[in-house]
Amino acid sequence: MMSKIRLQRNKFRAWYSRRGFTLIETLVAVLILSSAIAGPLTIASKGLLTAIVAKDQMIAYYLAQDAMEFVRFKRDTNQLCLSAGGSCSGVSSWLTGFDTGGCINTANGCHVDSFSGTISSCSGACPPLRFHTTNNQYLTTGTGEVRFVRTVRIQQPIGTNNDEVRVTVTVSWSDLAGATHQPVTVVEDMFNWQ
């Protein structure tokens with residue numbers, strides 16, 4: 001009798017070990033597997049989005065710095081012309097170019113193109129910068145991806161000092177999905193150093 005019970009128990013163990021997974025066990029396994037995969041994929045996509053936004057912020061900051069460097073260069077060039085006894089034609093003050101370019105004390109500001117050396121007033125919004133893949137530069141001319149808009153505003157005088165101006169460069173942009181981000185603003189006070 002004891003051997004018969006053992007025999008049936010062994011047959012049951014053999015049948016139980018061959019039966020496979022039930023539908024509920026399979027669904028639970030799929031749920032656990034999909035949860036284990038979804039977490040890292042979500043983290044990776046958020047990290048990629050953050051990296052793209054950070055890249056755009058760096059580009060916007062460098063474009064703002066480029067405009068600020070152009071304003072400094074133009075001021076210094078005007079000063080050198082004035083200190084050389086007015087040997088440069090058309091230079092009458094340390095802010096020549098910005099006064100006619102619509103940068104000084106205007107609401108819309110102006111647009112500076114450091115590549116061509118031009119200053120132009122912005123009627124409404126300033127023209128967008130287009131990325132040119134042939135020379136890897138942001139320019140206002142031609143065709144290319146449009147994402148950044150750069151505006152330069154110069155406030156004069158600062159207080160009662162006519163030899164000081166406050167230069168504000170603002171770069172705004174939208175990402176590839178069309179979402180507008182917080183603009184980058186660089187502010188610097190410049191002086192008539194002569």
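Author: Two strands count as paired if DSSP finds at least two bridges between them. Helices (H or I, at least four residues) and strands (E, at least two) are DSSP runs, numbered from the N terminus. The model shown above is predicted, so local features need pLDDT of at least 70 and side-chain atom pairs count only at pLDDT 80 or more, while totals for chains, interfaces and linings use all residues. Residues are numbered from 1 along each chain as its sequence is written, and side-chain values use heavy atoms, with hydrogens and water left out.

Reader: Thanks! What pattern does the protein chain follow along the sequence?

Author: Let's start with the count: the protein chain has two helices and seven strands. Read from one end of the sequence to the other, the pattern is α-α-β-β-β-β-β-β-β.

Reader: What is the radius of gyration of the protein chain?

Author: Here the radius of gyration is taken over C-alpha atoms, and the globule rule is 2.2 Å times the number of residues to the power 0.38. Along its principal axes, the C-alpha trace spans about 125 × 35 × 30 Å. For 194 residues the globule rule gives 16 Å, and the protein chain is more spread out than a compact globule because its radius of gyration is well over that, at 33 Å.

Reader: What share of the residues of the protein chain counts as buried?

Author: Buried means under 20% relative accessible area, exposed over 50%, and partly exposed in between (1.4 Å probe, protein chains only). Among the 194 residues of the protein chain, the buried share is 28%.

Reader: How far apart are the mean positions of the positive and negative charges?

Author: Lys and Arg count as positive and Asp and Glu as negative, while His and the chain ends are not counted. Each charge is placed at NZ of Lys, CZ of Arg, CG of Asp or CD of Glu. There are 17 positive and 13 negative charges in the protein chain, and their mean positions are separated by 34 Å.

Reader: On to the strands. Which residue in strand 4 is the bridge partner of Phe131?

Author: Strand 3 (residues 128–132) pairs with strand 4 (residues 137–139) in the antiparallel sense over three bridges. The two form a hairpin with four residues between them, and Asn136 in the turn has a positive phi of about 55°. Strand 3 is also joined to strand 5, antiparallel, by four bridges, with Phe131 opposite Glu145 there. In strand 4, the partner of Phe131 is Tyr138.

Reader: Is His132 buried or exposed?

Author: His132 belongs to strand 3. Contact means heavy atoms within 4.5 Å, and, leaving out residues up to four places away in sequence, His132 touches Gln137, Leu139, Thr141, Gly142 and Thr143. With a relative accessible area of 13%, His132 is buried.

Reader: Why can strand 6 be called largely enclosed by the rest of the structure?

Author: Strand 6 (residues 164–173) has a partner in strand 5 (residues 145–155), antiparallel and joined by eight bridges. Strand 7 (residues 184–191) also pairs with strand 6 in the antiparallel sense, over eight bridges. Strand 6 is largely enclosed because the number of its 10 residues that are buried is seven.

Reader: What is the relative accessibility of Thr170?

Author: Thr170 lies in strand 6, with Thr151 standing opposite. Not counting residues up to four places away in sequence, Thr170 touches Val149, Arg150, Thr151, Arg153, Pro183, Val184 and Thr185. Thr170 counts as buried because its relative accessibility is 18%.

Reader: And Ser172: is that residue buried or partly exposed?

Author: Ser172 is also found in strand 6. Beyond its neighbours within four places in sequence, Ser172 is in contact with Arg147, Phe148, Val149 and Pro183. At a relative accessible area of 27%, Ser172 is partly exposed.

Reader: One last one: what is phi of Asn105 near?

Author: Asn105 sits in the loop between helix 2 (23–83) and strand 1 (110–113). Asn105 is partly exposed, with a relative accessible area of 49%. Its phi is positive in a residue other than glycine, near 50°.
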